[in-house]
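Hi,

Here is the structure I said I would pass on.

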Amino acid sequence: MSTKETFWMGKIVIAIDGQSGCGKSSTAKAVAKILGYTYLDSGAMYRAVALHHLNHPFELTDQGSVQKALNQVKISFQQNPKTGKQETYLNGQNVEDEIREMKVSQNVSKVAAIREIREAMVAQQRALGEAKGVVMDGRDIGSVVFPNAELKIFMTANLHTRARRRLEELSSMGNVTTLEEIKENLAERDRLDSSREESPLRKMPDAIEVDTSHLQFEDQVNQVVQLAREKIEKVKSYASNN
């Protein structure tokens, strides 16, 4: 499909960036479902590489070791026919639950900071988004992966709210941890994500900030959907006049 055709259909790219635990992924999934868009889970891709690193350790500071590891990593997404949810596969194995565990959370930021890893993942993400009609969340979607995204959202929430939500998520999966441990993990990830040399987390000037600290999940989803629909109408109007 050509770019002109996607304009006429109102297809856009929605980039959602923000801090860990502020509801980016769950919001992005819900928005994609409502709009009939494809959801691309960039965070799951980095988590899958982090899991591979834990299971098959390689030296992160050695370019040759990193590239060799990347050559052994094949990430794909498949929809679960029973739940209808998109799940992450690493080298043909379903790792959706495993990549959400605390051991992966504690390692994903340092893995995602490696230039060769980011370049490999960004190349895959851009290829997936060429047809438009996609929603992607992460740390550098609006700044690096899709700098020309028609709609950029930057999500935030206070640390306590983010930790509480993550605790509920982990508990529902049977993982045992504490609120304080999660707070420490999130604070450290914030520091690493914002200060890393490669593609640091930052709010772009054209991004719309959505603070989810005091929003119900349905409200934050509706807010993003409304912003998306307004942008879609503008794209359609532009296409019809050009």
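Helix H3 (residues 42-55) lies across S2 and S6 and runs at about 35° to S2. Helices (H or I, at least four residues) and strands (E, at least two) are DSSP runs numbered from the N terminus; contact means heavy atoms within 4.5 Å; axes are lines fitted to C-alpha atoms, for helices over the stretch in contact, with angles from 0 to 180 degrees between N-to-C directions.

Before the rest: this is a predicted model, where local features need pLDDT of at least 70 and side-chain atom pairs count only at pLDDT 80 or more, while totals for chains, interfaces and linings use all residues. Residues are numbered from 1 along each chain as its sequence is written, and side-chain values use heavy atoms, leaving out hydrogens and water.

The open sheet has five strands in the order S2-S6-S1-S7-S8, with parallel pairing (two strands pair if DSSP finds at least two bridges between them). S2 (38-41) and S8 (208-211) are at the edges with a single partner strand each, so one side of each has no neighbour in the sheet. The twist averages 20° from one strand to the next. S1 and S6 (residues 134-138) pair over five bridges, and Ala15 stands opposite Met136 in S6.

Now Asp17, which lies in S1 (residues 13-18). Beyond four places away in sequence, Asp17 touches residues including Lys24, Gly138 and Phe154.

Cheers
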